[in-house]
Amino acid sequence: MSHPADTPSIPLAPEVLRNATLPDGRRADIHLADGRVTGLVDQPDKADKADRAGSGRGPTAGPGSIDLRGALVLPALVDGHAHLDKTLLGAPWQPHLASATLREHIANERALRASAGLPVADRATALAHRMVSLGTGHVRSHVDIDPDVRLDGLHALVEVREKFRDRLGIQIVAFPQSGVVTAPSVADLLDAALSEGADLIGGLDPAGFDADVDGQLDIVFGLAERHGAGMDIHLHDGGVTGTRQLRDIAQRTAALGLNGTVTVSHAYALGDVDATELDRTATALATAGVAIMTNGPRRSMPPVLRLRDHGVRVFAGSDNIRDTWWPYGTADMLERATIIGLQGDLMSDGELCHAASMITNEAAAALGLTDYGLAPGCRADLVVVAAGGVPEAVAAHPRRLLVLHGGRVVGPAPETDYPDFPAISVTGGDVSALQGER
């Protein structure tokens with residue numbers, strides 16, 4: 001399959017996406033202009049199963065329009081938590097180094113990044129390209145701010161953000177990977193980061209890493225208030241130590257009127273406390289408007305449905321992708337929804353749709369994307385998926401057929417996206433034999 005931009009029959013800024021299946025199951029034509037959705041025109045119920053994009057046929061086009069043949073259209077996928085500066089994509093494979101403690105892992109990472117062989121901007125660019133190709137239109141990326149790297153990583157991501165401005169929206173969180181209180185000069189570096197391109201202020205385990213909950217939270221909440229910035233705090237601490245910090249964060253959020261601008265990432269504690277402690281903490285989070293991000297961890301995943309029922313916004317992110325923290329990660333947010341669904345035992349169609357909302361509407365709301373969606377007036381940030389409906393899109397790992405950002409076609413990437421391993425072409429002979437066909 002060639003890149004849509006290289007295919008003359010595919011308009012680069014289509015006016016109509018015809019025969020689309022909408023997330024609610026309706027068949028409609030989606031009208032676009034000036035980078036926005038201008039209308040949804042319902043079609044009679046004439047779906048033909050043979051025309052489904054899942055049959056293997058991709059979109060075709062008429063002048064100014066593209067016939068999707070019933071393929072599912074979603075608003076652009078949203079990765080609510082990534083680390084563009086940490087990825088090793090584009091560099092040779094790096095064997096994973098196990099670490100006994102968080103501090104040991106941070107030290108190992110610091111040593112490796114000095115010998116990675118590729119600058120941060122190059123590796124982040126490789127990952128951003130993959131995100132775009134897989135239908136991600138917006139990402140929140142944390143970037144390390146510490147006495148070693150200082151603001152170098154931030155400046156690299158600001159460069160990447162500008163480079164991708166027409167393909168991928170990038171929010172940057174100033175992340176104190178080496179702590180706040182215990183790391184010399186980090187508070188001043190975080191302050192500078194918010195003046196030099198970071199959008200949000202981060203934090204890291206106020207109790208478990210800094211051993212000073214009030215000290216760290218005083219600094220990060222103070223910086224958020226001073227700069228008018230949002231917050232996104234990594235919290236790995238488990239049990240009541242973690243839930244106590246969650247309630248402290250909620251209390252400070254409410255007191256400062258920061259409802260809707262504060263996220264706690266991971267929040268493992270919500271997955272390993274009893275029901276009474278969970279409900280007490282969920283009530284505090286919902287009242288203060290504190291969101292929770294999860295990547296579907298192998299242990300202690302927050303119970304997404306129970307939190308939803310309490311009114312807590314829970315959304316999804318990739319977290320680490322092919323870096324020193326773990327060797328896994330594809331940047332595919334539909335795959336991430338699958339992982340969360342499996343971990344959270346989400347099985348019904350309604351539950352699969354909720355998993356999808358964690359990588360679309362819920363994540364967009366947590367990131368403050370006000371013109372996001374699939375309705376007239378919204379930005380035309382869209383992804384066309386080879387599936388007949390949302391539950392299938394979560395469960396089946398479908399291909400991305402088309403990716404639009406601001407109404408312009410930006411993906412998917414060609415199948416020759418791996419330059420070291422180009423596509424194999426077969427000349428002569430019976431190709432059907434290779435495919436197991438007779």
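Which residues in α6 meet which residues in α7?

Guide: This is a predicted model, in which local features need pLDDT of at least 70 and side-chain atom pairs count only at pLDDT 80 or more, while totals for chains, interfaces and linings use all residues. Residues are numbered from 1 along each chain as its sequence is written, and side-chain values use heavy atoms, with hydrogens and water left out.

From α6, the residues Val240, Thr243, Leu246, Arg247, Ala250, Thr253 and Ala254 meet Glu277, Arg280, Thr281, Ala284, Leu285 and Ala288 of α7, where contact means heavy atoms within 4.5 Å. Helices here are DSSP runs (H or I, at least four residues), numbered from the N terminus. An α-helix has 3.6 residues a turn, so residues three or four places apart point the same way.

Two packed helices are described by the angle between their axes and the distance between the axes. For helix α6 (residues 239–255) and helix α7 (residues 275–288), the axes come within 8 Å and cross at roughly 20°. That makes α6 roughly parallel to α7, a term for angles under 35 degrees; the axes are lines fitted to C-alpha atoms over the stretch in contact, and angles run from 0 to 180 degrees between N-to-C directions. The crossing of α6 and α7 is left-handed, that is, the near helix is turned anticlockwise from the far one by less than a right angle.

Elsewhere in the chain, Asp205 sits in the loop between β10 (200–204) and α5 (213–227), the strands being DSSP runs of E with at least two residues. Its phi is near 35°, a positive value in a residue other than glycine, and Asp205 counts as buried (under 20% relative accessible area) because its relative accessibility is 3%.

Technical notes. Parallel < 35°, antiparallel > 145°, perpendicular 65-115°, else oblique. Buried < 20%, exposed > 50% of the residue type's maximum accessible area, 1.4 Å probe, protein only.
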